Amino acid sequence: MSKTHVKFKLNGAAAEGMCEPRTLLVHFIRENLSITGTHIGCETTHCGACTVDLNGKSVKSCTLLAVQAQGADVVTIEGMANADGTLGALQEGFRQMHGLQCGYCTPGMIVRAHRLLKENPKPTDEEIRFGIAGNLCRCTGYQNIVKAIQHAAAKLRGEEYLEAAE
Amino acid sequence: MIPGTFEYHRPKSVAEAAKLLRKSKDGRVLAGGHSLLPMMKLRMTEPSALIDLGAIAALRGIKKTGTKLVIGAMTTQHELLASALVAKNLPILHETAILIADPQVRYVGTIGGNVANGDPGNDMPAVMMALDATYKIAGPTKARVVKARAFYKGSYETALKAGEIVTAIEIPVPGKHGFAYEKLKRKVGDYATAAAAVLITLKAGKIAACAIALTNLAPTPLLAEAAAAALVGRAPDDAAISAAVAAARKIMDPANDTRGTPAYRKSVGGIYVERAIKRAIARAAG
């Protein structure tokens with residue numbers, strides 16, 4: 001099967017490579033472009049570990065073909081840090097609030113939360129839970145993930161994060 | 001898991017897509033791909049070509065023309081949820097779309113794919129039957145329309161013929177009405193164990209019009225005509241609702257699968273019909 005030239009913007013920089021039409025976007029990013037922060041979890045559209053931001057939408061990159069991303073603007077976990085290399089608000093939130101244990105789901109969680117906070121800068125805990133319903137975590141029980149996202153939301157709003165009493 | 005090999009096309013117009021589809025031996029159109037690509041990974045389907053409809057601008061968008069809402073087939077569930085036009089005219093579509101899959105899938109999954117796929121687990125087909133929607137279809141020779149109520153022939157079998165593509169959905173906007181889509185699922189992202197769509201109009205304390213349709217309770221979505229007839233002309237009381245639920249249960253023929261036995265699914269199916277009727281009545285009265 002002949003290969004196609006795929007070209008898109010990845011974390012602000014031009015990225016390109018040759019792949020078969022059947023190559024999944026997550027494989028293209030990880031194997032052709034060697035940008036391995038995006039994880040492959042279930043590979044069946046369930047777990048959300050492979051979530052990337054594509055043209056302003058959170059998508060599961062195991063269920064898109066690389067050729068479908070032709071010309072798109074793609075952001076992965078590598079694009080979540082600040083320009084100076086320090087941790088972005090979500091990364092800092094996950095660190096401060098212990099939003100991860102094994103960390104496998106974290107790239108997908110953070111990239112998804114990034115879009116969620118763009119669309120809803122001041123979410124309730126319930127809106128966060130609904131918004132990350134496509135991302136599975138088997139360690140944390142989600143409590144600290146919700147707090148981590150609230151921590152980041154507060155920081156992005158220029159406010160101090162006040163943990164709600166339990 | 002990676003799908004088998006196929007040729008990939010990304011046409012710019014419906015005419016070009018139809019031409020590519022006709023030329024391919026067993027090609028498939030690619031909409032959101034969140035049903036098709038998983039099936040291809042499992043080799044449950046192995047099309048020789050994928051004709052990606054993603055670049056056809058004419059297949060997107062929601063507009064109101066006269067008394068109808070016309071929704072382009074490539075409109076995503078996320079776009080439906082963001083649409084003020086849908087919220088105002090057809091709120092049942094919001095109530096349904098929010099129950100489909102998860103946020104990531106709703107950004108990509110399309111209404112055209114949902115209605116044309118023919119999977120009895122898809123949610124929109126029953127809603128479209130309840131609303132008496134019409135599907136606009138482009139074909140190798142000429143365009144045609146098919147009513148949602150005449151579209152579903154069996155599990156993954158629809159009225160679509162080889163080379164045809166659903167391009168838009170036309171829905172008559174109902175007047176003041178109550179609505180509900182009630183769905184039982186095991187977890188976020190799951191297909192329905194059972195679900196029911198209900199639309200009700202009240203007049204002078206009686207049910208003047210009613211439509212009821214069922215999801216995943218038979219090899220196809222079902223229009224529960226006898227159940228609706230059991231309500232029309234009657235006061236919205238428990239006796240009328242019980243008669244409607246019994247009539248709905250009678251036509252259910254659910255699969256025996258991981259979501260439950262047929263007996264269980266008929267049991268909960270009836271409960272979800274009852275809940276949907278009650279909520280639709282409350283909204284119609286409000």
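Let me start with a term: a salt bridge here is a side-chain nitrogen of Lys or Arg within 4 Å of a carboxyl oxygen of Asp or Glu. Between chain B and chain A the count is one. The partners are the side chains of B:D102 and A:K60, at 2.6 Å from N to O.

A word on the source, friends: this is a predicted model, where local features need pLDDT of at least 70 and side-chain atom pairs count only at pLDDT 80 or more, while totals for chains, interfaces and linings use all residues. Residues are numbered from 1 along each chain as its sequence is written, chains are lettered from A and ligands numbered from 1 in the order in which they are written, and side-chain values use heavy atoms, with hydrogens and water left out.

Now the interface. Chain B brings 29 residues to the contact and chain A brings 29 (contact means heavy atoms within 4.5 Å). About 2400 Å² is buried between the two chains, with carbon and sulfur atoms giving 63% (buried area is the accessible area, 1.4 Å probe, that two parts lose on being put together, summed over both). B:M1, B:Q104 and B:Y107 supply 27% of the area that chain B buries against chain A, more than any other three residues.

Over to chain A, and its sheet. Five strands form an open sheet in the order β2-β1-β5-β3-β4, with mixed pairing (strands are DSSP E runs of at least two residues, numbered from the N terminus, and two pair if DSSP finds at least two bridges between them). At the edges sit β2 (13-19) and β4 (57-60) of chain A, each pairing on one side only. Four bridges join β3 (residues 51-54) of chain A to β4(A), and these two run antiparallel. Within chain A, A:D53 stands opposite A:S58 in β4(A).
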